[in-house]
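Morning, everyone. Let me walk you through one structure. Please take a look at it first.

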Amino acid sequence: MPSYTVTVATGSQWFAGTDDYVYLSLEGTSGCSERHLLDKPFYNDFERGAVDSYDVTVEEDLGEIQLIKIEKRKYWYQDDWYLKYITVKTPVGDYLEFPCYRWITDEKEIVLRDGRAKLPRDDKTQILKQHRRKELETRQKTYRWKEWHPGFPLSIDAHSHSELPRDIQFDNEKGIDFILNYSKAMENLYVNRFMHMFQSSWSDFADFERIFVRISNTISEYVMQHWKEDFMFGYQFLNGCNPVLIRRCTEIPKKFPVTMDMVECSLERNLTLEEEVKQGNIFIVDYELLDGVDANKTDPCTIQYLAAPICLLYKNLENKIVPIAIQLGQKPGPDNPIFLPSDATYDWLLAKIWVRSSDFHIHQTVTHLLRTHLVSEVFSIAMFRQLPAVHPLFKLLVPHMRFTIAINTKAREQLICECGLFDKANATGGGGHVQMVQKAMKDLTYKSLCFPEEIKAKGMDSKEDIPYYYYRDDGIKVWEAVKSFAEDVIHIYYESDEVVCEDVELQAFVKDIYVYGMRGVKTSGFPKAIRTREKLAEYLTVIIFTTSAQHAAVNFGQQYDWCSWIPNAPPTMRRPPPTEKGTVTIEQIVESLPDRGRSCWHLGAVWALSQFQDNELFLGTYPDEHFVEKPVKEAMAKFRKNLDEIVNAITERNKNKKLPYYYLSPDRIPNSVAV
């Protein structure tokens, strides 16, 4: 009688094994096997990390194996099991691989297809079409859209992490408990003695060092030593943790009436301000989005303030970007002066601090939360709802969705919810951050997520004109590597544009993102359908780049480097912006900066939010083998080779630099938004 050798691999996560009854049956083109008992309690099979083999004997040859059915029946208590994959050796010696990479949590039947990726048109038999349809029907009932706040991208319908499907939960929920991690951070940083000292101001700038010394490194110490200097202020717009706002100024805005007389002493080329603008030497950062946002009122003992500044910057003869004018409000007038480098030292310093504080708010809520976390969740939900596990695009994208829905759900549960941890130290807490996301949605366009196009749209694309913009240089290299990989995979499965058009699951995926994620807003520019392989490659690149590289660029510089020195990134200000010149004192600046308690909560936050996950998987690393075909594995190898070359180039450039830029080095880019 024909015999099949079945090999079953259990995951290596904690509690991945099971002691339950496990049954297996094979379904082929010529028939089905009986249900075979593979394991029962106390047989010590299916333990964590185990690979177990069994012989399954049948009466007659089953033909080509199409499906494997797995059942887990409870022995005593619910014992979840993480099944990685099953391989089958047929009677003629062929090997078939059946990827799973899922938790089996209940007593329902799990049905697996072999690992060869298939488009909808490739399924010819009714049984495969039915399996495909049932999988999506089940997923769409499980992964439901929900509006968390009006105007937000839709998110997952779950109130807490524990309500999520087991497959997308964290392996260890305690590892991403924000409250626990905050407490650990403040204990590790030796700042817990200050954490309840709200309303207690620091004595002076040097006093901030009492909570800084434990987390200092080369860059953060350099920031502490040079944060007051104009070159450091300007450098952060290019290579800090929020390098996305600066743009070339083509015209001085009427609301920001800077004159030649004001800035003449800052210009170095013997040109007028207008001529400097025409030559492309003037840049601008406008925090208009903060105008009208309500400041945090959750603590009646501390009034907190926001500003919506505008900052003009200049590329000097050393090709350094330096500030030359700052206005702290959007409406010009006598009570909204334009601060200049030629003003009194403390006037100019406080104006820059206000810009850095405003930059912190935009970074946290728009650049980071909205444009990486929330957008990536949209991609994740749509993928689970519309792409079955056998679809090549599911196999391509699923590593880049790892834990994204889980981290966002946890954030809504503990961090950015009403009375959440975000309210503790941030001037945009208490609802301001919600207003910011709602306002920022109008600028969330598809083109703005296309990295090279967004850089060009801001006039920041010339390496010759702006030679030290490493965020741009490294980002374009990673973008091109990701795009090349996406193109290689697309050309394996889509032989023509017509095949792209005919892929109903792909089109449903794209439509879900547009209709639910982007709320059907036409001005967002998100496509409703994809018609060509070229556009599909760009679309997939947007998804993979956003969930990996873009998030890495704006997340992992928060703690060690740019935000640990509080005066360089104040999360709140306790005095209103100055309305006249010549009155600012060092005491006023210190009293404006966060108090001891908020400073410590801030440090705990940026520490907890910028740590890599345990067992982090970095870009190009795909230990879960969803793809089994040789051409795709060759494309992956080529992708890794391209990424390695980028790593080497960045490492070489950073040698001996006091301010190395490494956030977009592929060996530091996690595959997904997971923190």
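Where is the place of D39? D39 is in strand β4, which covers residues 36-39. Keep in mind that this is a predicted model.

Why pick D39? The UniProt record, an unreviewed entry, lists D39 under "binding site". Is D39 buried or exposed? D39 is buried, with a relative accessible area of 1%. Now its contacts. Leave aside the neighbours within four places in sequence. D39 is then in contact with T18, D20, Y21, V22, D45 and F46.

Next, a sheet. This one is open, with 4 strands in the order β5-β1-β7-β8, and the pairing is antiparallel. Strands β5 (51-57) and β8 (95-104) stand at the edges. Each has a single partner strand, so one side of each is left without a neighbour in the sheet. From one strand to the next, the twist averages 20°.

Look inside the sheet. Strand β1, residues 3-10, is joined to strand β7, residues 81-89, by 6 bridges. On β7, I86 stands opposite V8. As a general point, strands of a sheet pair through backbone hydrogen bonds.

Now the cores. The largest nonpolar core has 158 residues. Which residues have the most contacts inside it? They are I246, Y494 and F509. Helix α7, residues 345-386, gives this core its largest share, 20 residues. Domain 2 and domain 3 each supply at least three residues.

Take Y494. Beyond its neighbours within four places in sequence, its contacts include L119, H391 and R533. There is also a second, separate core of 25 residues, with Y54, I65, I70 and W81 among them.

Conventions:
Residues are numbered from 1 along each chain as its sequence is written. This is a predicted model: local features need pLDDT of at least 70, side-chain atom pairs count only at pLDDT 80 or more; totals for chains, interfaces and linings use all residues. Side-chain values use heavy atoms; hydrogens and water are left out. UniProt positions are given in the numbering used here, feature names are shortened, and annotations may be inferred rather than shown by experiment. Helices (H or I, at least four residues) and strands (E, at least two) are DSSP runs, numbered from the N terminus. Buried means under 20% relative accessible area, exposed over 50%, partly exposed in between (1.4 Å probe, protein chains only). Contact means heavy atoms within 4.5 Å. Two strands pair if DSSP finds at least two bridges between them. Axes are lines fitted to C-alpha atoms, for helices over the stretch in contact, and angles run from 0 to 180 degrees between N-to-C directions. A nonpolar core is a set of buried Ala, Val, Leu, Ile, Met, Phe, Trp, Tyr and Cys residues joined through side-chain atoms within 4.5 Å. Domain bounds come from an automatic or database domain assignment.
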